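Visitor: I have a model open and some questions about how its chains are built. Could you walk me through it?

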Amino acid sequence: MKARVLESWAWILAGLLLVGLASAVLPSASQSYPMYVVGLAGINVILAVSLHIVNGLTGQFSLGHAGFMAVGGYTAALFGTQAISEYKLMYISEPVSDTILFFLATLLGGAAAGLAGFFVGLPSLRLRGDYLAIVTLGFAEIIRVTIENVEILGAATGLVGIPPLTNLFWIFLWALVTVLFAKRLQESTHGRALAAIREDEIAAEAMGIDTTGYKVRAFVASSFFAGVAGALLGYYLTILTPRDFTFLKSVEVVVMVVLGGMGSISGAILAAILLTVLPEALRPLREHTGVDLRMVIYASLLLAMMLLRPRGILGRQEVWAMLRRRRKSPELEVAP
Amino acid sequence: MTEFFQHLVNGLSLGSVYALIALGYTMVYGVLQLINFAHAEVFMLGAFSGYYLASWLPAFQRGPRFLVVLSLSMAICAGIGVVIERFAYRPLRNSPRLNALITAMGVSMLIQAIGQLPFFMGPSPRFFPPLLPNRSLLSVAGVGVTTLQAVTLGSAVLLMIGLHRLVFHTRFGAAMRAVSFDGRTAGLMGIDANRVIALTFMVGSALAAAAGILVGLSYPRIEPTMGVLLGLKAFVAAVLGGIGNIRGAMVGGMTIGLVEAMAVGYGSSSYRDAVAFGILILVLVFKPSGIFGKAVVEKV
Amino acid sequence: MTCRQSRGPLDRGVGRSAIPRGASLVLLCAVVALAGCERKSGARSAPGLGTGGGSSEATEILFGEVASLTGPEATFGQSQSRGIALAVKEINEAGGVLGRPIRVITYDNQGKPTESAAAAHRLVVRDRVHVLLGEVASSRSLAMAPIAEEHGVPMISPASTNPRVTEGRQWVFRTCFIDPFQGRVMARFAREELGLTRVAVLRDVRNDYSVGLANFFVDAFTELGGTVVSDQSYSAGDIDFRSQLTEIRAKNPEAIYVPGYYTDVGLIARQVRELGMNVPLMGGDGWDSSKLYEIGGDALEGSFFSNHYSFENPDPIVQGFIARYREAYGEVPDALAALGYDAARLAADAIARVGSLERAAIRYALATTREFRGVTGTITMDDHHNPVKPAVVLKIRNRAATFARTIEP
């Protein structure tokens, strides 16, 4: 028992240390292009791991992640353009005040997205796999169409003038929080209930698990982090448009989760980083060949994965579990 | 009052487009329990094959020319459908349904991406040649119906009736229904499930091609992404009618078309796309089996 | 035996995969590594990466272009790209600027603002371009502008007409007129030239350009004494507009203002005629493309649109450009190609005028541009970095655009 508690604290402290060290040592995202991409990768990690909570851990196929991202992003951005640009907290210097308000804005975005997740999840989660996919897609589209029509959110032009307050520190920190949350959730009793729902929902219900309650909670948690990611993106790009949150964006995140292995957090992280770096790295290809093959490669990758290795790269394994097993003894290795 | 009837006509003509595409979705779902996301892309390929065929075929009489283009496109797309089934879906026949769903998404994305490459179709929209003339058929008290609207509606009804006959009054149809009920047992009864499924895809894809040509004629702008939104709304139509049910696809399509037309006419036109999805959510929340569907009890 | 088994969503049924885990990981890393290799060689060919490509000792001038080469407005991005490429080719053939050739680095943004920002960032921070060119759509230019501002790189948007792109910024310019002006142009034409009092509007709600232009038109038209009898919307990519048009028909307008892109306008025109309305349509520079007539056919006869230039302009600059573009690409240039051409030439002209590759100097030269003769008109930059230039109104006759009137600012 003590060992487990110590281990969790070790993880948290190590993580925080890493985050602090990384953001201090690495060049800032605005001055260095590779770091800019690292920032984008970090945001995608948050997206992938948050979607994993619903798609991978609970086994509910949601295609509406972009919608929650949009809700969180726009809420935080609205707060930013209305409040942060104009006001500052008393007695504190402006940069510090901005940072505090930015943190609050991110939380606000997450909360709004979580709330949206609750209202979307409650009616939808009684539906079966393919239907749930379409319904979540439908909700995301409705959210997007609504944003396009609301003047105060910038409509089609987009919400402009968001203060550029996201930096690598915040992205790393939130990524750490998301990963730790997902990991703790997965390894807890709560997580086991979710896994049971994933494996066989009817049996889980028969075992006394309130499947709807658990599913909705997972959905809310997932949407919260999606909203945080959206908020971070808004303050990174200083502009948010409905175009950023189409069905295609949801599919991109789904590809990350599927590629990494539905059921593996480290898989989702790996795939998120891979799939952020890949399109950026492929940019020169366009210059040399004159043709942009990014979408073709993306789709082919997804197809190849599903046909040749449907469990994804890591399946349901976690990197840390694999390392631990290797350390202990080779005979104890469980077949994946 | 004129407006109301005009909206009615608009809604029905739009609805027949949705119904045509929905028929294909409902067929494949009925047999395989798979949402064939690639169906929308086959629809798009049907429109494009019609476009290319029309430009390659020498010019002759309008009527026969249209039929030739139509049949050839349907044949081509039937072939494409079989190929997709064989290489993308069949390997996953025994996998969890989710894998097949994701694969379907992948196929859809791939076809769209390849279509937009410059050496294939390129992203710019093309003008679909007027294989059939589009004239005003009748104009009563300010309400107009064009020839193509009538043709589209008529084709949708004919195809639906034809499909219904196929599924309920032929041996092949019985085989289809058997496979949809329980593939393995159907196999034990001597039905080659693979063949039945392949033929189902052929028919579904041919229907998609027909829809593509009719849409190309009525709305002469075609582009590689034309299937996306139409496909989604058609799928909503299929679900609304009760997925797996042929009459349902027809009724669902008409309903969505009518509601959209009325919503735009009497509500706000900028929320048009949200209408179909709103309907979907309402249906799935209150009656997930759709209008004609029956609630299936899942035995454990 | 169960009737129908419900399966869990994960990979339970499949016992083995075709590729073992390690191999798949290695494969994916190899793909990324290969792509990463591309990046290295790309970096090596950009001059003076270590010393800063933007220095005045650079051996070539770098223009960074962000274009929507794929995605829903791919044709616009391609036109822009071609215009820029043609201009650069001509300039290089004539000896370059300050004795140095210009090289254009083009990145595709898939029509998305996020990608535009990333592309601009890459061009500015990694490739160290001297001038940033782009974009067509205002929302994408708005994503790029803060990056140009932050890093002090002059940016020229060829065709973004939303005033906010240059508002309050030091480093962002454009070569086109802005929507408040363009909306007013058509409103004035409708009132003064055509004498219309009742007009309906059909805007593309998904397109910030269309929405902005529609708003400015409505304001100007009502200010000039007209009435907007109906205001409907559609979404780019829609094929059926009959419901909106039926509503418009009920209000009996004398004309319909459709400030959208040509891709939709063609279909809209057809359906207007199919519903029995014989009124002229009016629009903005988004109409400009040869494909418009292909899709719209005879339905567009007698319609008008505002544009940056007219084919019939006898000015040798215009005719020469049209001829050379035709020779290079086999088709007639649209306004976006012309604007891209002007943007590239303006940048080169600014560099030549100030005689230096220092970004701040280039900025100064751009800001003080006077009477630059471009294909799309004579450009003089005002205090907001917007050119003061006239617009032309074109009338469609026999599936071609003919000159109707020039409207001065």
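Visitor: In S2(C), which residue is the bridge partner of C:Phe63?

Guide: This is a predicted model, where local features need pLDDT of at least 70, side-chain atom pairs count only at pLDDT 80 or more, and totals for chains, interfaces and linings use all residues. Residues are numbered from 1 along each chain as its sequence is written, while chains are lettered from A and ligands numbered from 1 in the order in which they are written. Strand S1 (residues 61-67) of chain C runs parallel to S2(C), and seven bridges join them; strands are DSSP E runs of at least two residues, helices H or I runs of at least four, numbered from the N terminus, and two strands pair if DSSP finds at least two bridges between them. In S2(C), C:Phe63 has as its bridge partner C:Val104.

Visitor: Why is strand S2 of chain C largely enclosed by the rest of the structure?

Guide: A residue is buried if 20 or more other C-beta atoms lie within 10 Å of its own, exposed if 12 or fewer, and partly exposed in between, with C-beta atoms placed from the backbone. S2 of chain C covers residues 102-108. It is largely enclosed because its buried residues number six of the seven.

Visitor: How many residues of domain 1 of chain C are in contact with domain 2 of chain C?

Guide: Chain C divides into domain 1 (61-177 + 315-389) and domain 2 (180-307), with bounds from an automatic or database domain assignment. Their C-alpha centres lie 29 Å apart. Two residues are in contact if their C-beta atoms, placed from the backbone, lie within 7 Å. Domain 2 of chain C gives 13 residues to this contact, and the count for domain 1 of chain C is 13.

Visitor: Which helix gives the largest share of the side of chain A that touches chain B?

Guide: The contact takes 28 residues from chain A and 32 residues from chain B. Helices H5 (129-149), H10 (247-260) and H13 (294-308) of chain A each give two or more residues to the chain A side. The largest share, 12 residues, comes from H5(A).

Visitor: What radius of gyration does chain A have?

Guide: Chain A holds 14 helices and two strands. The radius of gyration is taken over C-alpha atoms, and the globule rule is 2.2 Å times the number of residues to the power 0.38. For 336 residues, a compact globule would come near 20 Å, and chain A agrees, with 20 Å.
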